[in-house]
Amino acid sequence: METKTLGELAQYVGGRVRGDANVKIHSAATLGRAGEGDISFLSNDKYEKQLLTTRASAVIVGSDTVATSVPLLVAEDPYYAFMQIMVLLHGHRKHKKLGISPKAIISDSAKIGADCHIHEFATIADGARVGNGCIIYPCTYVGENVQIGNDCILYPNVAIYEGCRVGNRVIINANAIIGEDGFGFATHNGVHHKIPQIGCVVIEDDVEIGAGCGIERGTLNDTIIGQGSKLGDLVAIGHGTKVGPHCLLVAQVGIAGSTSLGNHCIVGGQAGIVGHIIIGNNVAIGAQAGVINNVGDGKVVLGSPAIEANQAKRAYGLIQFLPEMRQSIRELQEQIERLASGGGPGQPQRPDEP
Amino acid sequence: METKTLGELAQYVGGRVRGDANVKIHSAATLGRAGEGDISFLSNDKYEKQLLTTRASAVIVGSDTVATSVPLLVAEDPYYAFMQIMVLLHGHRKHKKLGISPKAIISDSAKIGADCHIHEFATIADGARVGNGCIIYPCTYVGENVQIGNDCILYPNVAIYEGCRVGNRVIINANAIIGEDGFGFATHNGVHHKIPQIGCVVIEDDVEIGAGCGIERGTLNDTIIGQGSKLGDLVAIGHGTKVGPHCLLVAQVGIAGSTSLGNHCIVGGQAGIVGHIIIGNNVAIGAQAGVINNVGDGKVVLGSPAIEANQAKRAYGLIQFLPEMRQSIRELQEQIERLASGGGPGQPQRPDEP
Amino acid sequence: METKTLGELAQYVGGRVRGDANVKIHSAATLGRAGEGDISFLSNDKYEKQLLTTRASAVIVGSDTVATSVPLLVAEDPYYAFMQIMVLLHGHRKHKKLGISPKAIISDSAKIGADCHIHEFATIADGARVGNGCIIYPCTYVGENVQIGNDCILYPNVAIYEGCRVGNRVIINANAIIGEDGFGFATHNGVHHKIPQIGCVVIEDDVEIGAGCGIERGTLNDTIIGQGSKLGDLVAIGHGTKVGPHCLLVAQVGIAGSTSLGNHCIVGGQAGIVGHIIIGNNVAIGAQAGVINNVGDGKVVLGSPAIEANQAKRAYGLIQFLPEMRQSIRELQEQIERLASGGGPGQPQRPDEP
């Protein structure tokens with residue numbers, strides 16, 4: 001951990017200080033937990049009142065109109081400034097420099113680049129190529145002819161099936177599976193016959209794959225995870241699906257096969273997308289949504305079945321009023337019947353009348 | 001397997017016998033499959049009629065008003081009595097006492113307690129501490145400076161990232177992942193920048209983690225799984241989320257980051273909970289629910305979006321009637337139009353009239 | 001890769017050729033990507049117009065009425081023909097013939113059949129039996145007394161808990177977990193007590209289990225995956241549940257405990273099925289459905305809660321019209337009020353009238 005003044009931090013992130021620029025900062029913490037020497041940040045309006053009680057030495061904000069006596073670092077993009085400061089003060093994970101463990105299995109026909117660190121019980125199979133500066137943790141399996149670029153990190157128990165290609169600076173979290181066969185069967189006379197899956201999985205540069213994800217290889221075309229996209233934990237990607245660059249797929253998302261996502265899409269947790277459809281660029285899909293049709297560029301959709309977000313918020317929020325809507329319809333039907341027979345709608349029913 | 005008389009079992013669980021207390025019991029089985037020597041139990045009203053046909057030697061029930069000639073063990077909490085008898089007759093899983101395999105990797109700076117059994121291909125990294133009486137199965141990875149209490153069981157292929165803390169008597173099932181980075185990125189000019197995740201995961205005493213779960217470490221605060229809580233398979237817990245003590249999270253539940261659950265919450269399978277909300281104590285959340293707002297103590301919620309359960313059961317159950325509701329509305333509109341123009345609502349439309 | 005003429009392929013699959021039967025085929029590709037020497041197939045009507053532009057040397061179709069100049073292989077079941085041709089041209093995955101690695105751990109009391117290939121870092125525990133012709137990849141764990149039939153493939157990091165039984169020609173993809181304890185706890189005075197799970201998991205012949213699946217062992221009865229059933233990735237099966245023969249469970253499906261599925265059921269991605277219910281034969285369950293009641297033979301259900309599909313398509317599709325339905329109800333109420341007080345429904349409201 002480094003120690004910096006608030007002024008130095010502001011300069012580093014291109015922001016400005018309101019209050020004491022000389023306060024010393026050595027780490028980051030949430031508003032509720034921060035103490036002396038901590039910088040905090042306001043990520044979400046619902047925490048704004050914590051600015052009045054926090055014991056942080058400084059807070060990163062996007063606007064200096066907030067009411068607080070705490071020194072502020074005002075940044076145009078406060079979350080980005082927070083990230084920069086986290087990297088400056090804390091850095092990313094350090095990995096042990098153990099070289100290539102004699103207890104790893106490296107095929108004679110595999111090629112390993114310079115400055116790689118490969119832990120015990122990892123397997124690098126025949127013909128696989130690993131670039132420079134890669135870290136491969138225990139019990140990870142890199143299948144035959146797999147290609148891995150430079151500066152990748154593969155955490156424990158990752159399995160990459162044969163022939164898949166991984167770009168540079170890719171992070172694959174523990175227990176993720178890359179390139180298992182697509183779920184492709186031809187059903188004939190009630191028996192499901194396995195179709196060879198001859199596509200592979202291509203993971204482009206700067207992708208991060210969450211723990212326990214499963215990314216199927218394609219039947220014919222490759223399955224692609226585009227540059228800079230990030231997948232949360234336990235995400236399932238179907239065979240031949242293409243996730244464009246710079247997408248965010250939150251935990252437990254599922255995308256069926258042969259679907260295509262454009263760039264900069266955000267898919268909320270547990271959302272599902274059917275196969276063989278096209279999702280445009282900059283699309284946002286709500287958590288638990290069920291997307292069954294193409295979605296155009298820039299759209300925001302919610303719900304299952306997913307519809308345009310503004311409409312969905314109103315529509316799905318009205319489900320709770322269905323009982324009273326149904327009751328209203330029944331009352332209207334009775335009122336109309338009475339009206340038509342000469343009675344008034346406001347009259348109470350008198351079933352016990354002679 | 002032990003053999004006991006029904007009377008001995010009743011005494012052991014604090015219940016009483018209706019029928020022959022001398023019948024001998026050596027194991028447990030379902031009503032449908034039980035035979036001589038088996039004790040069964042009535043877990044669910046829908047199986048009550050099986051009491052008339054079961055060949056069990058005895059059945060554990062909560063009330064002796066049931067109609068059957070089978071000897072009964074009547075217990076106040078029959079499911080608890082069933083558990084006690086299962087433990088008495090069958091016991092929990094026995095683990096092989098192999099000591100510390102010479103084919104495990106134990107860092108010189110790791111500390112392993114007494115009476116631990118660590119299988120081949122397990123890795124205990126630098127600075128890790130494992131308490132007494134722990135069982136660690138093959139290919140499990142215990143990262144740097146991880147702390148594990150006493151009497152824990154880690155099944156195969158578990159991965160625990162650095163610095164996480166596990167209490168006593170914790171069970172972590174196969175392929176679960178603890179402490180991978182939270183899904184935290186600052187997006188700037190369309191690029192997602194990884195934020196160092198400096199919190200860890202704290203798993204308190206007596207927790208069980210299901211197979212294939214992913215529990216993210218916190219960005220700043222720790223992610224916490226409270227004492228005695230049990231997670232089913234493939235559950236995803238977001239960064240900095242706090243699950244209180246004695247919660248039950250069924251398979252495939254997903255909870256986003258920075259959310260807090262109180263104690264004794266029950267979350268049904270595949271339910272999702274958004275980030276940054278507060279769920280009180282003793283809350284029950286239905287399967288597949290989507291919880292997007294705070295939920296107060298003792299509430300029961302269902303549906304996506306989740307609403308109070310009684311309301312939800314009626315409301316979501318009415319979705320199937322939407323077509324007829326819409327049709328009714330159209331008919332009402334036509335009737336009103338006719339009424340207003342002097343016609344009666346009961347008159348059939350006669351489009352072919354001159 | 002083999003090279004065949006289109007005529008030979010047609011004969012092989014029992015189909016017929018429209019166009020040049022002598023065109024040479026050596027591999028398969030999608031309509032959009034195919035080139036000379038590739039055979040493609042029309043899987044989905046939405047790709048039919050690609051027949052006009054594809055550069056494939058031939059296309060497998062189900063009917064010769066399509067408009068195209070490309071040579072056609074017309075087959076009664078074109079997807080099955082496609083599968084047969086994929087197997088003929090490309091074959092299934094070849095596995096390295098390494099015998100039994102000296103770096104695998106095989107218990108002295110385990111029995112391994114002929115012609116098995118067991119990779120480094122695999123563990124075959126005491127009393128386990130592996131049939132002939134099995135392939136077991138690195139870091140896979142076969143627990144005590146597990147029985148595995150002939151010609152099975154276990155990919156890396158699979159964990160099979162003790163006593164489970166696996167049939168012949170079963171494929172278990174990477175990181176799947178078989179036989180972890182069922183999620184069974186007796187809650188007493190607010191504490192959840194673990195119930196020993198004495199059932200196991202039985203996987204019948206010709207099953208394929210997806211990557212990262214979790215299949216719980218039964219509390220008393222076994223959990224069963226029936227012959228020829230195929231599970232996608234990250235599927236969770238509860239304790240004591242029985243999946244009948246020849247079912248297809250798509251990725252991320254969850255089935256709670258003690259439920260029974262008949263034969264030839266298809267369960268869409270992310271669908272959930274509650275415990276203790278009975279699903280008949282030939283049932284189709286839509287993606288993301290939530291099934292809470294028994295479903296009879298041959299039914300198709302959708303939605304959460306799941307209802308009959310035709311009804312569901314109309315009903316769930318109407319959720320988006322709830323705002324206007326509610327508005328219509330309000331207008332009707334106002335109109336009726338005016339009608340009852342002598343006004344007409346078509347008259348605009350004039351709130352500013354004296």
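This report describes the fold of chain A, its interface with chain B, and a helix pair found in chains A and C.

**Overall form of chain A**

The structure is a predicted model. In chain A, the secondary structure consists of 39 strands and four helices. The C-alpha trace of chain A extends about 100 × 75 × 35 Å along its principal axes. Its radius of gyration is 28 Å, whereas a compact globule of 354 residues would have a value near 20 Å. Of the 354 residues in chain A, 57% are buried.

**Relation of chain A to chain B**

At the interface, 63 residues of chain A are in contact with 57 residues of chain B. On the chain A side, the elements that give two or more residues are helix H2 (78-89), helix H3 (309-317) and helix H4 (322-340) of chain A. Of these, H4(A) gives the most, with 11 residues. The side of chain A that touches chain B comprises 31 nonpolar, 21 polar and 11 charged residues.

**The H1 and H2 helix pair**

Two packed helices are described by the distance between their axes and the angle between those axes. The pair formed by H1 and H2 is described here for chain A and for chain C.

| Helix pair | Axis distance | Crossing angle |
|---|---|---|
| H1(A) and H2(A) | within 10 Å | roughly 120° |
| H1(C) and H2(C) | within 10 Å | roughly 120° |

In chain A, H1(A) passes H2(A) in a right-handed crossing. The residues of H1(A) that take part are A:Leu9, A:Tyr12 and A:Val13, and they meet A:Ala81, A:Gln84, A:Ile85 and A:Leu88 in H2(A). By class, this contact has six nonpolar residues, one polar residue and no charged residues. Helix H2 of chain A is also one of the elements that give two or more residues to the side touching chain B.

In chain C, the crossing of H1(C) with H2(C) is right-handed. H1(C) contributes C:Leu9, C:Tyr12 and C:Val13 to the contact, while H2(C) contributes C:Ala81, C:Gln84, C:Ile85 and C:Leu88. These residues divide into six nonpolar, one polar and no charged.

Conventions. Residues numbered from 1 in each chain as written. Chains lettered and ligands numbered in written order. Predicted model: local features only at pLDDT ≥ 70, side-chain atom pairs only at ≥ 80, totals over all residues. Rg over C-alpha atoms; globule rule 2.2 N^0.38 Å. Buried ≥ 20, exposed ≤ 12 C-beta atoms within 10 Å, placed from the backbone. Contact = placed C-beta atoms within 7 Å. Nonpolar A, V, L, I, M, F, W, Y, C, P; charged D, E, K, R; others polar. Axes fitted to C-alpha atoms, helices over the stretch in contact; angles between N-to-C directions. Left-handed = near helix turned anticlockwise from the far one by under 90°.
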